[in-house]
Amino acid sequence: MNNDVLNLNRFGRYLLTDIKNAISRYGISLLVMATISVTGYLLAGFFTMIVGNGWYSLGVAGRFSMMAITFFVLTLSAPAKIYGFITDKKEGSSFLMIPASSLEKAISMILVCCVILPLVFFAVYMSLDQIICLIDNRCGDSVIVAINNSRELLLDAFQRISSETQNYIPDYSSLSSPWMYVDDLAQGFLVFLLGALIFKSSKPAKTVGCLILFSIALSMIVSPIVMHGAVERFKEAMENNMTPEELFESFPFISWVIRHAGLADFISDTIVNIGLAIAIYFRVRKIKH
């Protein structure tokens, strides 16, 4: 495609420039976060040596917890740090003058935040974590091995469940796959990227506040509707002495969601992510100072 909306050659050049700017604005922070496993391992070991208890090898639970917490901080801080300047009058005006379309700028932002940042973080973090475990076998399994082992244990437990019970529980074979949650991770970056483009100050905090208010409002609207229908169905079930299977089938939508939880999660996340991406595009297109 070669027009004013999306020119692939121009987009490629802009993406490279955007990546360089992201490195200059957030590269050091990303490096610190991605190496937190090594830092934590060394700090724990040196501290226990100083107090006379010998070298302590940080286990997989501690290293996984550090990864989860660090990635959460990355999700909150990276979009605002890399693209928060766009709402500033001086720097934002320079951004608007860049010879690239709004669509190209929006796609570049999404690729940097939702693809490049997570890939770099996990690649560096898990590589270093694997090296630590190879050097010091007292650390136990690496994070990536522990995740894979946990999935296998979950699948084994699911296979031992009777066929009758499987009608009332999700398909864990899909829910246990780590790839199932890639769109959830991307969704977090999209939310905070949109917040970085909307708010002029305290971007992560205001985005979190809006999420809380939205959740409360949605709960107040949806809960009474859902509960009213559920109460009526349960009353009907009690009066007709329905079996558990009949009761389960009396909620066709809920039963479908439970039986196809992986597909339902993918569809809902895709809809939300597309909506967030569209909102980011229009915000970039309409931004003014």
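Entry 1: I began with Arg-25, which is partly exposed because its relative accessible area is 28%; buried means under 20%, exposed over 50%, and partly exposed in between, with a 1.4 Å probe and protein chains only. The model is predicted: local features need pLDDT of at least 70, side-chain atom pairs count only at pLDDT 80 or more, and totals for chains, interfaces and linings use all residues. Residues are numbered from 1 along each chain as its sequence is written, and side-chain values use heavy atoms, with hydrogens and water left out.

I found Arg-25 in a salt bridge with Glu-91 at 3.2 Å, N to O (a side-chain nitrogen of Lys or Arg within 4 Å of a carboxyl oxygen of Asp or Glu). This pair links distant parts of the chain, with Glu-91 in helix H4 and Arg-25 in helix H1, 66 residues apart. Helices here are DSSP runs of H or I with at least four residues, numbered from the N terminus. Glu-91 is partly exposed too, at 38% relative accessibility.

**Entry 2: other salt bridges.** I searched the whole structure and noted 4 salt bridges. One of them joins Arg-10 to Glu-104, with the closest N and O atoms 2.9 Å apart. Arg-10 sits in helix H1 (residues 8-34) and Glu-104 in helix H5, 94 residues apart. Both Arg-10 and Glu-104 are buried. I also looked up Asp-136 and Arg-138, whose side chains meet in a salt bridge at 3.4 Å, N to O. Asp-136 is buried at 7%, whereas Arg-138 is exposed at 54%.

**Entry 3: Ser-101.** I located Ser-101 in the loop between helix H4 (89-96) and helix H5 (102-135). Ser-101 counts as buried because its relative accessibility is 12%. Its side chain reaches the backbone oxygen of Val-5 at 2.4 Å. Leaving aside neighbours within four places in sequence, I listed its contacts (heavy atoms within 4.5 Å) as Asp-4, Val-5, Leu-6 and Arg-10.

**Entry 4: cysteines.** I looked for disulfides, taken as pairs of cysteine sulfur atoms within 2.5 Å, and the count came to 0. For Cys-114, the nearest cysteine sulfur is that of Cys-113, 6.2 Å away. Cys-114 is buried at 15% relative accessibility, while Cys-210 is partly exposed at 41%.

**Entry 5: Met-220.** I placed Met-220 in helix H9 (residues 203-239). Met-220 counts as exposed because its relative accessibility is 60%.

Note on methods. Helix = DSSP H or I, 4+ residues; strand = E, 2+ residues; numbered from the N terminus. Polar contact = N/O pair within 3.5 Å; in protein donor to acceptor, adjacent residues only side chain to side chain.
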